[in-house]
Every structure is written in structure tokens, then in C-alpha cells.
Amino acid sequence: MNVLVSACLLGVSCRYDGRSKGHPLAGELLKKHTAIPVCPEILGGLSTPRAPSERRGSGVVTKDGADVTEQYRKGAQEVLRLARLYGCTAAVLKERSPACGSGEIYDGTFTHTVVDGFGVAAELLAENGIRVLGESELEAFLRE
């Protein structure tokens with residue numbers, strides 16, 4: 001199966017801080033499925049590194065107050081386009097991210113406060129029938 005995967009979980013240094021968050025089960029995922037690496041922030045035109053961002057309502061702002069909602073929306077549309085192009089029915093995305101978070105995200109106050117919600121790309125994928133999982137669900141997904 002073709003699966004969208006947050007590129008940072010596959011070891012790509014594309015996070016806001018210029019680092020990756022390589023997942024220990026990434027190799028197993030690559031043996032079982034074809035991973036389509038995505039980084040909605042980069043696909044939306046943001047650089048690496050970049051100012052940390054959080055969702056605030058329906059928008060996304062950086063820690064210094066810049067509105068980056070349009071870049072996040074553009075990146076989400078590109079991720080959806082790739083999902084359709086490759087026939088992906090599932091996505092394993094970085095939890096709590098303003099782009100990829102599924103179920104929980106930071107609240108927009110930059111105080112590490114977690115609230116129920118979805119990142120911009122995760123929300124768009126789910127609205128279009130693509131199963132969205134966070135990296136904490138990867139082990140169970142691999143057993144399916």
C-alpha cells in the first residue's frame with residue numbers, strides 16, 4: 001500500500017528547527033509499504049529552519065506573530081494532490097504539528113498546551129477520506 005509519511009519521521013531534517021524526528025519503526029514501515037514522504041510546510045513554501053508555528057483558530061501563526069496560514073493551506077493542498085496521485089488511503093503524520101497533527105495540536109499560545117484538534121494537512125486529508133494516523137499509532141498500523 002502507498003502511505004503518506006511525514007518526511008521528518010523518515011529521518012529528513014525538515015522540521016522547523018532543522019532537525020528530523022526519525023521514528024524507530026520507519027524501517028519496518030518501508031519494508032511493508034511504499035512510503036510517500038511529505039512535509040506540508042516545505043510544500044507550502046516555508047524554509048528549513050523556520051520560526052515555530054501553531055494553529056490559532058482556523059489560522060496558523062509563528063511564534064513572532066507572522067500569519068503563515070496561506071503557506072500551510074498551500075502545503076495541505078499539495079499533500080492531498082500527492083495522496084491522490086499515488087493512490088494513498090492512509091497517512092502516518094507527526095503528532096501535534098500545526099500541519100500534521102491528528103487529534104491533538106498545540107493551542108497557539110506557544111506554552112506547550114495541547115488541545116483537541118488537527119493540523120491543516122491532516123484535517124484536509126481526513127475530510128477527503130484518507131485515514132490519518134499519528135506516529136504513536138504506527139506499531140498498531142504495522143500489525144494490520
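Is arginine 143 buried or exposed, and what is its relative accessible area? Arginine 143 is exposed, with a relative accessible area of 62%. The legends below describe close-up views of a predicted model.

**Figure 1. Salt bridge between glutamate 139 and arginine 143 in the predicted model.** The closest N and O atoms of glutamate 139 and arginine 143 are 3.7 Å apart. Both residues belong to helix α5, where a spacing of 4 residues separates them by about one helical turn. Glutamate 139 has a relative accessibility of 49% and therefore counts as partly exposed, the cut-off for exposed being over 50%. Arginine 143, at 62%, is exposed.

**Figure 2. Salt bridge between glutamate 144 and arginine 131.** The side chains of glutamate 144 and arginine 131 meet with an N to O distance of 2.7 Å. Glutamate 144 lies in the segment after α5 (138-143), whereas arginine 131 lies in strand β8 (residues 131-134), so the pair ties together parts that are 13 residues apart in sequence. Glutamate 144 is exposed, its relative accessible area being 55%. Arginine 131 is partly exposed, at 36% relative accessibility.

**Figure 3. Buried and exposed residues of helix α3.** Helix α3 comprises 18 residues (residues 69-86) and reaches 26 Å from its first C-alpha to its last, close to the 26 Å expected at 1.5 Å a residue. The buried residues of α3 are Thr69, Tyr72, Gly75, Ala76, Val79, Leu80, Leu82 and Ala83. These residues lie on the same side of α3 because they cover an arc of only 160° around the axis. Glu70, Arg84 and Leu85 are exposed on the other side of the helix. The packing partners of the buried residues are strands β1 (2-6), β2 (34-38), β3 (53-56) and β4 (59-62), together with helices α2 (40-43) and α4 (120-127). Glycine 87 follows α3 and has a positive phi, near 65°.

**Figure 4. Salt bridge between arginine 81 and glutamate 78 within helix α3.** The closest N and O atoms of arginine 81 and glutamate 78 are 3.1 Å apart. The two residues are 3 residues apart in α3, about one turn of the helix. Arginine 81 is partly exposed, at 44% relative accessibility, and glutamate 78 is likewise partly exposed, with a relative accessible area of 25%. A search of the whole structure finds 7 salt bridges.

Figure 5. Valine 132 is buried, with a relative accessible area of 17%, the cut-off for buried being under 20%. When residues up to four places away in sequence are not counted, valine 132 touches Ala91, Leu93, Ser102, Ala122, Leu125, Ala126 and Glu137. Phenylalanine 118 is 14 residues from valine 132 along the chain, and the C-alpha atoms of the two residues are separated by 10.0 Å.

**Figure 6. Lining of the largest pocket.** About 640 Å³ of space lies in the largest pocket. A total of 30 residues line the largest pocket, and those closest to its centre are Arg15, Tyr16, Ser97, Pro98 and Tyr106. At least two residues of the lining come from each of α2, β3 and β6 (102-106). Strand β3 gives the most to the lining, with 3 residues.

Note on methods. Residues are numbered from 1 along each chain as its sequence is written. This is a predicted model: local features need pLDDT of at least 70, side-chain atom pairs count only at pLDDT 80 or more; totals for chains, interfaces and linings use all residues. Side-chain values use heavy atoms; hydrogens and water are left out. The expected span of a helix is 1.5 Å times one less than its number of residues. Buried means under 20% relative accessible area, exposed over 50%, partly exposed in between (1.4 Å probe, protein chains only). The arc is that of the directions from the helix axis to the C-beta atoms. Contact means heavy atoms within 4.5 Å. A salt bridge is a side-chain nitrogen of Lys or Arg within 4 Å of a carboxyl oxygen of Asp or Glu. On a 1 Å grid over the protein atoms alone, a cavity is a set of points where a 1.4 Å probe fits but cannot get out, and a pocket is an open set with protein on both sides within 12 Å along at least five of seven lines; lining residues have an atom within 4 Å of a point. Grid points are joined across faces, edges and corners, and a volume is the space filled by probe spheres set on the points.
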